[in-house]
Amino acid sequence: MGVDFLTGFRANRSTQDSFDLLADVDGPTFDALSALANLNVRRQEQMLKAVVIAYLTVPISVLAIVAEVAGDSLVSFARDNLQHVVAIGAGLTLGALAYYLSTWRAHQIVGVLDLIRIERGQAPYTALELRDE
């Protein structure tokens with residue numbers, strides 16, 4: 001019962017390329033690579049949280065306060081400078097999206113390394129001692 005997302009993940013070309021690339025890597029080197037990938041995931045998550053707060057939460061909060069205090073002035077300023085307002089909004093959104101995609105990719109790399117570890121029968125399977133989860 002449930003959905004199998006691992007079969008497609010294992011059949012993915014980049015996953016197969018990773019298996020081929022790491023086929024001859026010994027256990028200690030693989031463990032170090034896995035630890036490095038897990039460290040990267042934790043750092044990516046920390047950066048994503050910082051970016052979301054700095055790039056999205058703070059500007060939106062400031063904007064809400066200004067709109068409350070001087071709503072008509074803010075609307076007229078936005079109309080007069082629509083191109084700049086849209087560019088700033090798009091930049092903030094795309095910056096946060098880029099960090100999100102980077103974090104997603106870091107998790108994907110750890111997933112591939114976990115699959116390799118499982119197929120090798122190399123413990124620990126999920127490197128839980130290295131993760132915050």
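I took contact to mean heavy atoms within 4.5 Å. Helices are DSSP runs (H or I, at least four residues), numbered from the N terminus. This is a predicted model, in which local features need pLDDT of at least 70, side-chain atom pairs count only at pLDDT 80 or more, and totals for chains, interfaces and linings use all residues. Residues are numbered from 1 along each chain, and side-chain values use heavy atoms, with hydrogens and water left out.

Entry 1, α4. I looked up which parts pack against its buried residues (buried means under 20% relative accessible area, exposed over 50%, partly exposed in between, with a 1.4 Å probe and protein chains only). They pack against α1 (6-11), α2 and α3. Among the buried residues of α4 are Gly95, Ala96, Val112, Leu115 and Ile116. Just after α4, I found glycine 121 with a positive phi of about 70°.

I read an angle of about 55° between helix α2 (residues 13-21) and helix α4 (residues 82-120), with the axes 10 Å apart. Axes are lines fitted to C-alpha atoms over the stretch in contact, and angles run from 0 to 180 degrees between N-to-C directions. I listed Thr15, Ser18 and Phe19 of α2 as meeting Val112, Leu115, Ile116 and Glu119 of α4.

I placed leucine 56 in helix α3 (residues 27-80). Leucine 56 is partly exposed, because its relative accessible area is 27%. Leaving out residues up to four places away in sequence, I found leucine 56 touching Val51, Leu92 and Ala96. Its C-alpha atom is 29 Å from that of leucine 36, 20 residues apart along the chain.

Notes: Helix = DSSP H or I, 4+ residues; strand = E, 2+ residues; numbered from the N terminus.
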